[in-house]
Amino acid sequence: MIKVTKDNIQVEPLRDSVWTPHCGAVVTFEGVVRNHDEGREIHSIYYEAYESMAEKELSKIVKEAMAEWKDTRIAVVHRTGKLKVGEISIAVVTAAPHRREAFAAGRYVIDQVKERAPIWKKQEDTSSEL
Amino acid sequence: MASVQIKLFASLKDVVGHEEVNLECPAGSNTRSIFLKLSQKFPQLKSFESSIMPAVNQSYVSWNDPVSDGDEVAFIPPVSGG
């Protein structure tokens, strides 16, 4: 599953979408809105995406990871809109026969998403309202 | 002449005040010439040139890549997803 969505991210269905009986490792990464940034208190983040391109870019990244780490299955979902502290902004779930590939592929995907996916965040501190 | 749809996001959208702009440009245009033409309409954009990446039809391209009639062009400011 590869998706950009306004809906809450549910991790369990992502796990179910990638796990098969030949996978002995499932690694889940959740990016979560935290309550601070560079000394400022944050209460929410607004995520904006170029949705059609972001989904294309996520697909490319996943294909690259699956080419590098064979037999790896990957799901990635990024959320848009206003997210409060504690809500999941991105989930990357990788399943593989062994932990080494599952960790490596997951790390690659989240690093590339942060570098390439056309998605932007606007943090809202306690002194501003959207 | 080619007609292209330009998509704007984040800081560029704030500067221009629109999410989309339609532009007529000469045949043989590339992403740079389209950005320069757009900057003539919205001069505040010029200062973003060094930090943005062009995209055509939802894929990153170079500043020399051609743009054809009907293409969707976007200028991508530094991303911050994740």
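Predicted model: local features only at pLDDT ≥ 70, side-chain atom pairs only at ≥ 80, totals over all residues.
Two strands count as paired if DSSP finds at least two bridges between them. Strand 1 (residues 2-7) and strand 5 (residues 72-76) of chain B run parallel to each other and are joined over three bridges. One of the residues involved is B:Ile6, whose bridge partner in strand 5 is B:Val73. In general, strands of a sheet pair through backbone hydrogen bonds, and the pairing can be parallel or antiparallel.

Zooming out, chain B has an open sheet of five strands, laid out in the order 2-1-5-3-4, and the pairing is mixed. Strand 2 (20-25) and strand 4 (59-60) sit at the edges, each pairing on one side only. Helix 2 (residues 31-41) of chain B packs on this sheet, where it touches strands 1, 2, 3 (53-56) and 5. The direction of helix 2 makes about 115 degrees with that of strand 2.

Next comes the contact between the two chains. Chain B brings 18 residues to it and chain A brings 20. Together the chains bury about 1,600 Å², with 54% of that on carbon and sulfur atoms. There are 16 residue pairs in polar contact between them, counting pairs with both residues at pLDDT 80 or more. On the side of chain B that touches chain A, helix 1 (10-16), strand 4 and strand 5 each supply at least two residues. Strand 5 gives the largest share, three residues. By type, that side of chain B splits into nine nonpolar, six polar and three charged residues. The count of salt bridges between the chains is one: A:Glu48 pairs up with B:Lys13, with the closest N and O atoms 3.0 Å apart.

Notes. Residues numbered from 1 in each chain as written. Chains lettered and ligands numbered in written order. Heavy atoms only, no water. Helix = DSSP H or I, 4+ residues; strand = E, 2+ residues; numbered from the N terminus. Contact = heavy atoms within 4.5 Å. Axes fitted to C-alpha atoms, helices over the stretch in contact; angles between N-to-C directions. Buried area = accessible area lost by both parts, 1.4 Å probe. Salt bridge = Lys/Arg side-chain N within 4 Å of Asp/Glu carboxyl O. Polar contact = N/O pair within 3.5 Å; in protein donor to acceptor, adjacent residues only side chain to side chain. Nonpolar A, V, L, I, M, F, W, Y, C, P; charged D, E, K, R; others polar.
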